[in-house]
Amino acid sequence: MSQTTRQFKDQLPKNAVMAVLSFVTYSISAAWLTPYLYKNLGAVAYGLVPLAGLFTQYASIITSQISGSVNRFLVIELQKPDGNPNAVFNVSFALCMILVMLQLPVFGLGLYYADHIFTIPRALLSDALLLLGCSAVSFLVNLFCPVFSVSLYAKNRLDIGASICVGRLSVRLLLIVLCFSVLGPKLRYIGYVDLLLNIFSLLISIGFWRKFTPGLHISMREID
């Protein structure tokens, strides 16, 4: 049995357990948090939360496609004696930069005309704009997460990625409840918490990227 096969078999149970734990955490968090937000925010204000959540779903669709396109080729290049993984990595990084540039004016116009696009009560407009603004920035941050998380896939450390997800979901739940209890229930706090955690998750991903693939670096000259 080769060393690579042995490592894969040793890592498989950890990856599977953490994947299940991530799913369970997500299910519990969603089942508990939904009625909590509805009760504290009211029906009208709560209706804006799923709307802001569309940004996250949109980002997940894009990032999953980027990951699927990049992961396999990056692993192949990393395993080649004369491979050039930096070319693959920097192409994916540049693609995300292009997507961010394309999305910025769209989000800017959407936020500027939000009260015309959506029916938002005047009393909730300020909080709604902050929530949608934080969600839009979170979307842009999330675009870069799979670029740096590719190192976890290349090293078969999917358990770390699942652990980050579990931690983010758990802390999100706690911080929202804490903010609502101490500062009062407002939409803006959901946006603040989500943006903070997404930035923190990206920083953690960058840390593991540097640890597991120190040979990868950002360089526009590496783009093929």
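Does S29 count as buried or exposed, and at what relative accessibility? S29 counts as buried because its relative accessibility is 8%, where buried means under 20% relative accessible area, exposed over 50% and partly exposed in between, with a 1.4 Å probe and protein chains only. The model is predicted, so that local features need pLDDT of at least 70 and side-chain atom pairs count only at pLDDT 80 or more, whereas totals for chains, interfaces and linings use all residues. Residues are numbered from 1 along each chain as its sequence is written, and side-chain values use heavy atoms, with hydrogens and water left out.

**Surroundings of S29**

- S29 lies in helix α1, which covers residues 3-41; helices (H or I, at least four residues) are DSSP runs numbered from the N terminus.
- Leaving aside residues up to four places away in sequence, S29 touches L169 and L173, contact being heavy atoms within 4.5 Å.

**Nonpolar cores**

- The largest nonpolar core has 24 residues; such a core is a set of buried Ala, Val, Leu, Ile, Met, Phe, Trp, Tyr and Cys residues joined through side-chain atoms within 4.5 Å.
- Two or more residues of this core come from each of α3 (48-79), α4 (85-112), α6 (125-154) and α8 (187-212), and α6 gives the most, with 10 residues.
- L143, F144 and F148 have the most contacts inside the largest core.
- L143 touches I62, T63, C96, L99 and V100, not counting residues up to four places away in sequence.
- A second, separate core has 23 residues, including L41, A114, A128 and L197.

**Packing of α6 and α8**

- The axes of α6 and α8 are 8 Å apart, and the two helices pack at an angle of about 15 degrees; axes are lines fitted to C-alpha atoms over the stretch in contact, and angles run from 0 to 180 degrees between N-to-C directions.
- Therefore α6 is roughly parallel to α8, a term for angles under 35 degrees.

**Cysteines**

- A disulfide is a covalent bond between the sulfur atoms of two cysteines.
- The count of disulfides comes to 0, the rule being a pair of cysteine sulfur atoms within 2.5 Å.
- C134 is buried, at 10% relative accessibility, and its sulfur is too far for a bond because the closest cysteine sulfur, in C179, is 12 Å away.
- C145 is also in no disulfide, as the nearest cysteine sulfur, that of C96, is 9.6 Å away; C145 is buried, with a relative accessible area of 14%.

How values were computed
Angles under 35 degrees count as roughly parallel, over 145 as roughly antiparallel, 65 to 115 as roughly perpendicular and the rest as oblique.
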